[in-house]
Amino acid sequence: MDGLLSEAFIASLFFGAVTAGVPLLLAGLGEQVSEKSGVLNIGLEGMMLAGAFAGFAAAYATDSFLAGFCAGVLAGMSVALIMAVLCVVLGMNQIVVGIAITLGAEGVTALLHHVLYSRSYPRLSRVETWTIPGLADIPYIGPAFFDRNALIYLAFALTFFMIWVFRRTQVGLNLQAAGDAPAALDAAGVSVTVTRFVSVLVTGCLGGLGGAYMATVGGGLFLPFMTGGAGFIAIVLAMLARGNPLWVLFGAFLFGASLALTTALQVVGVNIPTDVIQMLPFAMVIVVLLLFARHSYLPPALGLPYQRGAR
Amino acid sequence: MNQRHPLVSWLYGMVSVLLPVVLALAVGGILLLALGKDPLAYYGYVVKRGLLSPTGLEASLTRTAPLLLIAAGLIVAFRSGLWNLGVDGQLLLAAVVTAALAPELASGLPSVLVIAVCFAVAMAVGAVWSLIPALLKAQFGVNEIISTLMMSFLGVSLANVLIKIPFNDPLTTVPQTATLAVEDRLSRLADTTIHWGVLLALAVVVVVHHAMTMTALGMRLQIVGANMKTAVHAGLRLRLLVVVAFAISAGLAGLAGAVDVLGVHGTIRADWNPAYGIVVIPLVFLARFNGYAVIAFVFVFAVLVIGGESAARRLDVPTYFVLVLVGLVMLFLAVTEFLDHRRRLTARD
Amino acid sequence: MKPEPVGAPDGDAALALHDITKRFPGVLANDRVSLVFRRGEIHALLGENGAGKSTLIGIVSGMVRPDSGSIEVAGRPVRIASPSAALRLGIGTVYQHVLLVPSLSVLENLMLGNPWWRTIDRAATSERFAELAELLSVRVSPDALVGRLSLGEQQQVEIMRALWHGELVLFLDEPTSMLTPQGVDDLGVVMRRLRDHGVAIVFITHKLKEASDLADRISVLRQGRVVGEVRPAELKTMSPDAIIERVVAMMFGHDAKAGDLRATLVGDASEPQSRQHADAGVEPLLVLRGGHTAGERGECALDGADLEVRPGEVMGIAGVDGNGQKHLAEVLAGQRTMTAGSISLAGREIGHLGVAGRRRLGVRYITDERLGEGTAPRHSLAINLVIKEIGSPQFWKGGITSWRRIHDHARNMIRTYSIVAPSERVPLAGLSGGNIQKVLLAREWTGDARLLVVAKPTYGLDLQNTRRARDWIKRIGGNADTAIVVISNELEELIDVSHRIAVMERGRIAGIVKNRPGARTAIGRLMAGVEAA
């Protein structure tokens with residue numbers, strides 16, 4: 001088993017962890033924003049799928065990854081707009097609407113895929129990377145972290161941007177108030193509805209970007225249901241991170257690593273059924289829930305629509 | 001409080017249920033048009049193949065069996081205020097265990113006993129798979145949406161592992177469990193292809209419906225569903241009730257898996273996942289947790305699926321379209337529910 | 001003895017309302033209300049529940065849009081379209097319930113409402129904070145988490161927020177309901193300081209005594225209308241009794257029933273008849289010793305609570321909200337397990353029993369969270385009457401529900417307790433607060449009750465239902481088999497109904513006072529944390 005310490009194995013594990021972790025990171029950061037503001041966005045999976053399809057379609061049509069990312073963001077936000085209008089403005093049940101959105105997005109993207117690509121199964125060309133001179137040559141971690149697509153650097157940067165937003169800006173204060181004591185935010189003259197509306201859109205934006213990443217940088221192709229529960233894992237990450245983006249980062253790469261383990265093991269000639277490996281992240285969530293359940297903290301107003309004057 | 005004529009409220013109820021369906025069909029029709037298909041031809045074909053042809057109708061009725069059992073379980077969970085979204089994992093694991101167990105037992109036991117043992121084991125497997133979310137919810141108030149979904153993903157993968165390694169039938173090339181002989185499966189009704197699991201499922205829905213509305217246990221669960229604080233205040237054994245509700249709900253999902261295996265498939269191949277759960281949830285909502293309405297909606301849905309599968313081959317509209325329809329139904333349901341709520345509020349003031 | 005107001009007595013209007021009308025479906029909440037609030041004047045607004053006070057606050061704070069009428073601020077006509085518009089105009093409101101974010105610090109709470117695109121500006125906020133702390137003469141650490149402050153301190157933070165954008169008009173909605181007597185005095189000092197600084201203070205209350213003590217001008221609302229005013233000149237010359245006489249007449253007209261209600265309303269005006277329990281020597285029915293509980297974040301747990309209640313006695317539990325009263329009630333009812341301590345009823349240890357077991361022994365608990373905890377509001381009235389008896393042979397045979405018996409029982413209770421409801425099958429949520437309270441009384445006061453725990457029996461009720469609930473407690477309070485524990489933050493109420501009054505402070509019983517003349521002072525001292533002599 002010395003293969004497990006070889007550079008090939010570790011480099012491949014890191015590379016795969018980053019590849020699989022980035023969409024979780026993006027979507028998890030997005031979900032964190034809406035959870036902080038008090039909206040449990042169960043439709044995240046649907047937003048990611050929409051982003052994945054639109055991202056792939058745009059990147060394929062224009063041969064530009066950037067166009068793909070933009071399209072993913074727009075698609076994610078359009079789906080989020082439905083959620084925001086129904087749940088934030090009209091105050092409908094967030095879970096029912098979230099499930100409906102995920103179902104609908106699954107159906108629509110699979111349908112469009114069937115119509116557009118089911119005969120040709122197109123793939124995107126090679127990923128454009130930004131190589132960081134010097135760092136990219138570091139053994140073990142260089143290729144995984146410093147010779148990647150720009151979006152990956154952006155996702156890392158975003159984590160720290162979010163920390164800054166939560167701790168140092170008015171927006172951060174408003175988000176926390178909207179989730180913890182919406183009536184207090186309202187009394188301070190800030191609209192709870194607008195705060196939550198925007199945060200759901202941000203979730204859609206980042207979820208869509210995460211989806212677009214999966215279909216472009218990640219796989220280079222779109223398949224029906226390709227997010228495979230990543231949206232739900234991202235929701236869990238956001239819940240367990242208790243409002244701290246660093247925990248989302250950490251969790252996303254832990255999950256990414258467990259997803260990348262199969263490939264990495266194959267590199268060194270160890271064959272384990274993919275299903276066993278696929279169980280790892282979910283089993284890990286359950287273990288984490290069992291261990292830390294009593295410490296998990298969610299905003300008191302999470303999942304509850306805000307109505308002025310209602311107690 | 002204005003008392004309305006019973007007929008008026010009945011009509012009103014019908015409209016508020018049918019409206020989302022009609023709207024969803026309409027929007028779905030627009031989508032079909034956009035794809036260059038004739039919506040009327042599609043819907044017509046679906047009805048013809050799913051409802052009006054004898055084989056189609058038999059297939060549709062057969063398909064209702066697992067859906068009804070899942071729905072019965074969801075009625076219990078939702079009325080108890082518990083979001084059991086892990087039905088797929090519970091069902092699949094129970095189905096795999098049943099598929100592995102039944103051929104083994106069939107060699108030594110009479111078929112009635114085989115079926116009884118399989119049903120019991122399947123329910124137990126489903127219930128066990130809900131235990132962690134149930135305990136997390138009961139003990140620490142951990143959001144069950146997340147925990148059941150995670151257990152569901154976990155269960156689906158575990159089922160595949162079971163099929164590929166311990167339960168794999170060495171005689172076949174594709175990974176699958178040993179096949180149960182046709183004569184050992186659930187027997188057919190008269191000259192049809194419908195197995196008696198359909199009747200069992202119907203009976204279970206009716207029993208569950210009345211158990212929830214006419215028994216002490218049902219009322220206890222409904223109070224839990226109304227507000228957990230109220231349940232504690234009223235002296236109900238909240239933790240036990242949460243675990244019981246989960247166990248019933250997941251046990252019935254497990255039974256659904258067993259009925260599908262013993263009644264229809266006789267074996268399970270790797271990567272088989274019918275994903276019934278996510279589509280039954282909207283139907284149960286649409287029926288407003290009423291058992292009889294659930295029966296009606298599940299039947300309509302089964303017709304849609306069976307007809308849709310035929311239409312996929314003939315008209316080149318993939319079955320995913322049915323998913324879109326269900327998503328749309330659910331969205332419009334939420335909207336009509338919301339408007340109705342608003343109307344009632346203004347009516348009261 | 002009132003200090004002379006700074007502003008000219010009838011000039012210098014800070015905020016003027018002209019003919020404000022607001023109609024909600026079926027209710028005329030404000031009917032051509034015209035009021036002028038002047039700088040340097042404390043203006044008390046009095047009125048019953050439903051007189052239109054909350055709607056008026058909603059309108060001036062930008063939460064509610066009036067149907068017609070006009071508003072002037074410092075002589076200029078304005079429209080108050082949103083809470084932030086109100087704050088920018090210098091109209092600040094301190095609501096009855098604390099509206100701060102407990103997980104943010106004092107400064108962060110005060111920063112809420114700054115332009116959203118900014119980064120947080122600590123320096124500017126600290127500066128204004130220091131200014132206002134000086135003006136109010138309060139000492140609150142700007143970096144303390146709000147959730148860790150006392151209610152009085154939280155109220156001071158709210159006053160700061162209300163004055164943040166300018167010290168023009170300050171609305172205080174029932175500001176004393178959560179405070180200790182000492183806290184009320186402190187608030188009075190702050191109000192006078194602000195008045196002398198030139199702020200127009202509007203003080204909404206239902207306590208006549210406070211109004212006549214603090215106000216320079218009193219206006220009375222009834223059924224959405226302004227029905228009368230007592231001017232500063234009159235307030236200065238009239239005796240307190242005469243003022244109260246005037247205001248009561250305005251509030252109720254010359255209604256025949258008013259006499260009864262007046263006693264409830266006036267409360268403090270005269271020393272009430274003391275209620276003393278005769279059998280001081282009897283064995284206690286309820287004994288709680290060394291009760292400890294574990295509290296969640298932000299909750300006050302029991303920390304060694306001792307309590308003895310004798311049969312036939314009404315024991316009042318006084319104290320500022322959040323000193324462990326909720327835990328005490330839940331421990332008595334069996335809803336919460338103690339981490340240490342013992343509890344017995346009629347000599348029998350009951351600590352191991354849950355709610356159902358204790359209910360069988362006669363323990364009853366009427367919670368103050370009537371909709372959130374006491375009932376399932378979307379279920380029918382009939383169901384709500386039996387939710388503590390589910391499975392009992394009276395209504396269930398072999399686990400099967402007898403709806404006929406449940407509905408018969410409900411109709412019976414509706415008659416006995418004169419509950420106003422269209423039928424026993426309507427959802428409970430559709431009933432008024434007073435009727436929901438009657439449903440709870442009907443549910444708890446059946447069979448052989450031995451210990452009745454009532455939390456805030458009149459919270460949110462109108463005057464008539466308040467009177468009725470208090471009379472009911474007094475009536476059953478003489479029953480020799482039963483001990484009653486009444487928890488309330490209204491001292492008047494406890495003095496009205498109790499034989500003895502225990503004061504809760506930080507999770508323990510700070511002292512117990514017999515209800516006789518002078519009890520009020522002793523309780524005030526205990527509530528303020530001064531040890532009983």
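**Close-up views of a predicted three-chain model**

**Figure 1. Helix H1 of chain C is largely enclosed.** All 8 of the 8 residues of helix H1 (residues 53-60) of chain C are buried, so this helix is largely enclosed by the rest of the structure. A residue counts as buried if 20 or more other C-beta atoms lie within 10 Å of its own, as exposed if 12 or fewer do, and as partly exposed in between, with C-beta atoms placed from the backbone. Helices (H or I, at least four residues) and strands (E, at least two) are DSSP runs, numbered from the N terminus. The buried residues of H1(C) are C:Lys53, C:Ser54, C:Thr55, C:Leu56, C:Ile57, C:Gly58, C:Ile59 and C:Val60. After H1(C) comes C:Gly62, which has a positive phi near 85°. The model is predicted, and local features need pLDDT of at least 70, side-chain atom pairs count only at pLDDT 80 or more, and totals for chains, interfaces and linings use all residues. Residues are numbered from 1 along each chain as its sequence is written, while chains are lettered from A and ligands numbered from 1 in the order in which they are written.

**Figure 2. Chain C and its two assigned domains.** Chain C contains 19 helices and 22 strands. Its domain assignment, with bounds from an automatic or database source, gives domain 1 (13-98 + 168-265) and domain 2 (286-527). The centres of domain 1 and domain 2 of chain C, taken over C-alpha atoms, are separated by 33 Å. A compact globule of 533 residues would have a radius of gyration near 24 Å, and the 25 Å of chain C agrees with this; the radius is taken over C-alpha atoms, and the globule rule is 2.2 Å times the number of residues to the power 0.38. Along the principal axes, the C-alpha atoms of chain C fill a box of roughly 70 × 55 × 50 Å. Of the 533 residues in chain C, 49% are buried.

**Figure 3. Paired strands in chain C.** Strand E11 (residues 286-292) and strand E14 (residues 340-345) of chain C run antiparallel and are joined by 5 bridges; two strands pair if DSSP finds at least two bridges between them. Opposite C:His292 stands C:Ala340 in E14(C). E14(C) also pairs in the antiparallel sense with strand E15 (residues 348-349) of chain C, over 2 bridges. C:Ser344 has C:Glu349 in E15(C) as its bridge partner. The hairpin of E14(C) and E15(C) has 2 residues between the strands, and C:Ala346 takes a positive phi near 50° there.

**Figure 4. The largest nonpolar core.** This core is a set of buried Ala, Val, Leu, Ile, Met, Phe, Trp, Tyr and Cys residues joined through C-beta atoms within 7 Å. The largest one has 399 residues, and B:Ile70, B:Ala71, B:Val96 and B:Val284 have the most contacts inside it. Helix H11 (residues 238-265) of chain B gives the most to this core, with 16 residues. Domain 1 and domain 2 of chain C both give residues to the core, so it lies between them. Leaving aside neighbours within four places in sequence, B:Ile70 is in contact with residues including B:Val87, B:Leu252, B:Tyr276 and B:Val280; two residues are in contact if their C-beta atoms, placed from the backbone, lie within 7 Å.

**Figure 5. The surroundings of B:Leu93.** B:Leu93 belongs to helix H4 (residues 87-106) of chain B. This residue is buried, with 27 other C-beta atoms within 10 Å. Not counting residues up to four places away in sequence, B:Leu93 touches B:Val125, B:Trp129, B:Gly155, B:Leu158 and B:Ala159. B:Ala270 is 177 residues from B:Leu93 along the chain, and their C-alpha atoms are separated by 12 Å.

**Figure 6. The contact between chain B and chain A.** Chain B contributes 35 residues and chain A 38 residues. On the side of chain B that touches chain A, the largest share, 13 residues, comes from H7(B). That side divides into 30 nonpolar, 4 polar and 1 charged residues; Ala, Val, Leu, Ile, Met, Phe, Trp, Tyr, Cys and Pro count as nonpolar, Asp, Glu, Lys and Arg as charged, and the others, Gly among them, as polar.
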